[in-house]
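Here are some exercises to work through with the model open in your viewer. Try each task yourself before you read its solution.

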Amino acid sequence: MTKKRSLRGIIFGLDHVLYDMTAYVDQQFLEKYDLQPNNAILAEDKHRPIYDELLNENYKVSYSPGGATQNTIRVAQWYLREPESTSFVGCIGQDTFGDKLKSCMKKEDIRTNYLVDPTAPTGVCAVLITGGNRSLVTRLDAANEYKQSHLTTPGTWSLVTDASFYYIAGYFLTVSPDSMVEIGEHAVKENKCFSMNLSAPFLSQFFKEPMKKVLPYCDIVFGNEDEARAFAKDFELNTTDLAEIAKKVAAMPKKNNKRSRIVIFTQGADPTVVFKDNKAKEYPVLPIAAENIIDTNGAGDAFVGGFLAEYVQDKDIETCVNNGMHAARMIIQVSGCTLPEHQ
């Protein structure tokens, strides 16, 4: 009987480290701060009072680890089960939220090596729920202070070299695209798998150059339908058809010619589009009753976590996609990216 290979450290994630503050608000609250019901933005000065208002008014706020990649890593670890199958790096503040994040990740058996910035508070994300929608308003603070020099310290770089799969959400293009390139270079050299998420429509518009720089390293590109169409517009792909966009993204320049690029676009309740081996295929999503949807925040992150947990174990693409859907389905029925206890 062959011994099952160890999965220890197999997936490495790097991104903004955030602590989520989730609250149910009304349309009036969104209008007051000029927010869309289903969007993700970085906080401007006009949004700064949101966090105090949530704390000081009569809102029931729940707290959980957040940040796109950190959520994905937590979900992947939940599925993989073997302790420390995953690792995660980012920047936190020297404060209570930072300490809570460290202890939560430790409890969930994820290896971390956070850069601690003594001058900035840990980043927070206000997750504002209206009906089945979520509006994300992120105050980056320490999350924005990650330094590439931390990546090459022995404690962090050993996590990179231990891994065979890398996942970084596109949000990190706003902080340290050079860190993403450095990991991408390592992945190409060692023929390891590097994946990225388009993450939000504003990134392809306002961070097009860093995105252009990182895309050639990507073996897998994830995104949702809005992000895909924004990308197609900003990169002048001249189509709004998701399968066609996926095909064009797959054909963009690539550093590692030993791996063909896979492109995966989710679209909520509509079928997930996967472009692989020169063909597009749609995978239907299991229907879920509207009354069972609590919070769509983290659904996309969970999908990637579920997908990668199977992909790193060499499962076929259908198994990977179905597990991604299982993860997303699980997460939208709870508040925040909250993982159930294993039975």
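## Exercise 1: an aromatic core

Phenylalanine 222 counts as buried, at 1% relative accessibility (buried means under 20% relative accessible area, exposed over 50%, partly exposed in between, with a 1.4 Å probe and protein chains only). Before going on, note that this is a predicted model, where local features need pLDDT of at least 70 and side-chain atom pairs pLDDT 80 or more, while totals for chains, interfaces and linings use all residues. Residues are numbered from 1 along each chain as its sequence is written, and side-chain values use heavy atoms, leaving out hydrogens and water.

**Task.** Which aromatic pairs does phenylalanine 222 form with tyrosine 167 and with phenylalanine 307?

**Solution.**
- Step 1. Apply the ring rule: rings of Phe, Tyr and Trp (its six-membered ring) pair if their centres lie within 6.5 Å, and planes under 30 degrees apart count as stacked, over 60 as edge-to-face and the rest as tilted. The count comes to 16 aromatic pairs.
- Step 2. Tyrosine 167 and phenylalanine 222 pair edge-to-face, 6.0 Å centre to centre with 80 degrees between the planes. This pair joins strand 11 to strand 13 across 55 residues (helices, H or I of at least four residues, and strands, E of at least two, are DSSP runs numbered from the N terminus).
- Step 3. Phenylalanine 222 and phenylalanine 307 are also edge-to-face, at 5.4 Å and 80 degrees. Here strand 13 is linked to helix 12, 85 residues apart.
- Step 4. Widen the view: Phe165, Tyr167, Phe222, Phe303, Phe307 and Tyr311 form one aromatic cluster.

## Exercise 2: the surroundings of phenylalanine 307

**Task.** Is phenylalanine 307 buried or exposed, and what does it touch?

**Solution.**
- Step 1. Phenylalanine 307 is found in helix 12 (residues 299–311).
- Step 2. Its relative accessible area is 0%, so phenylalanine 307 is buried.
- Step 3. Leaving out residues up to four places away in sequence, phenylalanine 307 touches Ile220, Phe222, Ile264, Ile317, Cys320, Val321, Asn323 and Gly324 (contact means heavy atoms within 4.5 Å).

## Exercise 3: the sheet and helix 10

**Task.** What is the strand order of the open sheet, and how does helix 10 pack on the sheet?

**Solution.**
- Step 1. The open sheet has 9 strands in the order 7-5-1-11-12-13-14-15-16, with mixed pairing (two strands pair if DSSP finds at least two bridges between them). Strand 7 and strand 16 (279–283) are the edges, each pairing on one side only.
- Step 2. Helix 10 touches strand 12, strand 13 and strand 14, and its direction makes about 110 degrees with that of strand 13 (axes are lines fitted to C-alpha atoms, for helices over the stretch in contact, and angles run from 0 to 180 degrees between N-to-C directions).
- Step 3. Look at the buried residues of helix 10 (residues 225–234): Glu227, Ala228, Ala230, Phe231, Ala232 and Asp234.
- Step 4. At the N-terminal end, asparagine 224 caps helix 10, with a side-chain oxygen 3.1 Å from the backbone nitrogen of aspartate 226. After helix 10 comes glutamate 236, whose phi is positive, near 50 degrees.

How values were computed:
Polar contact = N/O pair within 3.5 Å; in protein donor to acceptor, adjacent residues only side chain to side chain.
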